[in-house]
Amino acid sequence: MGIRLDKPWETLDAGTIASLPAQLGVYQVADDDGNVLSVGYAGARHLFGIRSALDDELQFHGIQATKFRYEFTSNYHSRWDELLMLHLCDHGQLPDHQRAEEHRIGRLSPD
Amino acid sequence: MDFSLTDEQQLIVETTRRFVQSEIVPLEDHLDPDAGALDPRDHARLVEKTQGMGFYGLDIPEEYGGPGLDTTTRALMAIEMSQHRAGLYNPCYGVFGGAGLAQLYEATDAQKERWLYPTLRGEKKGCFALTEPSGGSDPARAIQTRGFKDGSEWVLSGSKLYISGADKADYALIFARTSDDPGRNGVTAFIVDTDTPGFHVRRVVHTLRATHYATELQFDEMRVPEENILGEVNGGFAIANDRLSRQRIPYAAGCIGPAIQAQEMAIDWAKSRETFGSLLAEKQAIQWMIVDNEIDIRHARYCVLEAAQKADSGERFRTEAAMAKLVATEASSRVVDRCIQIHGGVGVTKDLPLERWYRELRIRRVGEGPSEVQRLIMARDILGGSFK
């Protein structure tokens, strides 16, 4: 079973976000070149699930964030940790604004 | 048996209950419903409080600086500490501290210096790696991870499944088959640093439990020094088995807390919610569910306290511990299920903790030996004449 989030990127804009179901899940947000800017989750405290979480990302990153991909799951906590660990394994560090999470998460060696 | 509490136990129970209600529950109001950790600043503040109360490191033996609680008092605290949303798998978010792997208290002095004492100081974490893809209920026969001696080292190869905390651990207690004996006499316990070449955490195993996930491990010709063997070569199963028996009492006690909380929520709800012109509490269908809950909770509590008292008095307690584990996990599952039914739609939402307890309690009927294995243990004792 593949553990990486390798679905095709979608355009991050208000229209696309509004078309998503208000589900719980995990996601990655990236810039034009596919550099991941955020690895996040939409949990039960997000009023409209992944829609609200991606709205927040759009606000936070502004025009730099242009793409996203997601996965619906009720296990958003453990899946989020897994994606963070994968990112750390692949890139050596987490996205800048998430560096504090490096002290919390564990280590994977998936390959 | 006399289940009345001593004055000291009553004081400890009341103090723990106040701590949970005044310090833990209010913080949970601001956390994700599936959260598994507090903000680090809150965690540090509450650790200072438990240290001040003399309760930090509850499970550390007294000779190593722990508070020296007996099993009964520890079980009573476990019932209280689990009475919040994350309480089943993360009672009070760990602010009462941990004791590390119990097996390390039997280690050599050099091993204690290297792994036990740093763990007690909070500098290192360990994980317990027993279960394999080939099975967990009968570990003596299921273990396929192999170890063979090469000079002064042992070479381990194989895999482990459903191992909690391995991705964050500094060392692992790994059980491997080291002889041709296919059963319990061919297993050795190794303490292995997780930065040893060949140690891999391959993936997170997602389960009904949203936090405290399990992992899958792989060992590729991992070279381990002879001095890392815990106990005797081919004597590892006894080390694993001892842990499995002793764990059952606090494991069972921790299941009762969510059931008590769920029952209190259901009673409040039944007394305030009206349908068809009367309160839910006035309907016999609801009354019977609440009565059945009370029977289940008391049955579980009596079984846990009986097992704990036997353990404290030095009597054999294997059957009682198995019974406590089986009864507490199954009874608490039934209680939470009924409480969801009483609450109706809101009971299955993440607005209330019931759905989280429902999911997590299902795992408790499998973890630390499933109900069927507990029955097997009891059947051996009963039919084997231990009760004549």
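Which residues point one way from strand β1 (residues 126-129) of chain B, and which the other way? B:Gly126 and B:Phe128 point one way, B:Cys127 and B:Ala129 point the other way, and all are buried. In a regular strand the side chains alternate between the two faces of the sheet. The model is predicted.

**Chain A: overall form**

- Chain A has 3 helices and 4 strands, and from the N terminus on its elements run β-α-β-β-α-β-α.
- The radius of gyration of chain A is 13 Å, close to the 13 Å that the globule rule gives for 111 residues, so chain A is as compact as a globular protein of that length.
- The C-alpha trace of chain A spans about 35 × 30 × 25 Å along its principal axes.
- Among the 111 residues of chain A, 37% count as buried.
- Of the contacts in chain A with a separation of 6 or more, 62% are between residues 24 or more positions apart.

**Chain A: the sheet**

- Chain A holds an open sheet of 4 strands in the order β1-β4-β2-β3, with antiparallel pairing.
- At the edges stand β1 (10-11) and β3 (36-42) of chain A; each has a single partner strand, so one side of each is left without a neighbour in the sheet.
- Strand β2 (residues 25-30) of chain A and strand β4 (residues 67-72) of chain A run antiparallel and are joined by 6 bridges.
- A:Gln28 has A:Arg69 in β4(A) as its bridge partner.

**Where chains A and B meet**

- Chain A has 16 residues in contact with 16 residues of chain B.
- The side of chain A that touches chain B is made up, by class, of 5 nonpolar, 6 polar and 5 charged residues.

**Chain B: domains**

- Chain B is divided into three parts: domain 1 (7-103), domain 2 (126-230) and domain 3 (238-383).
- Between domain 1 of chain B and domain 3 of chain B, the C-alpha centres lie 20 Å apart.
- In domain 1 of chain B, 20 residues are in contact with 25 residues of domain 3 of chain B.
- On the side of domain 1 of chain B that touches domain 3 of chain B, the residues divide into 9 nonpolar, 6 polar and 5 charged.

**Chain B: helix α2**

- Helix α2 (residues 40-53) of chain B has 14 residues, which at 1.5 Å a residue should span 20 Å; its end C-alpha atoms are 20 Å apart, which agrees.
- B:Gly54 follows α2(B) and has a positive phi, near 80 degrees.

**Chain B: strand β1 and its partner**

- The strand of the opening question, β1(B), runs parallel to strand β4 (residues 171-177) of chain B, and 4 bridges join the two.
- Opposite B:Phe128 stands B:Leu173 in β4(B).
- B:Phe128 is also one of the buried residues of β1(B), pointing the way that B:Gly126 does.

**Chain B: the loop at B:Glu368**

- B:Glu368 is found in the loop between α9 (354-364) and α10 (371-383) of chain B.
- B:Glu368 counts as partly exposed because it has 19 C-beta neighbours inside 10 Å, while a residue is buried if 20 or more lie within that distance.
- B:Glu368 and B:Gln247 are 121 residues apart along the chain, and their C-alpha atoms are separated by 7.8 Å.

Note on methods
Residues numbered from 1 in each chain as written. Chains lettered and ligands numbered in written order. Predicted model: local features only at pLDDT ≥ 70, side-chain atom pairs only at ≥ 80, totals over all residues. Contact = placed C-beta atoms within 7 Å. Nonpolar A, V, L, I, M, F, W, Y, C, P; charged D, E, K, R; others polar. Expected span 1.5 Å × (residues − 1). Domains from an automatic or database assignment. Buried ≥ 20, exposed ≤ 12 C-beta atoms within 10 Å, placed from the backbone. Rg over C-alpha atoms; globule rule 2.2 N^0.38 Å. Pairing = 2+ DSSP bridges.
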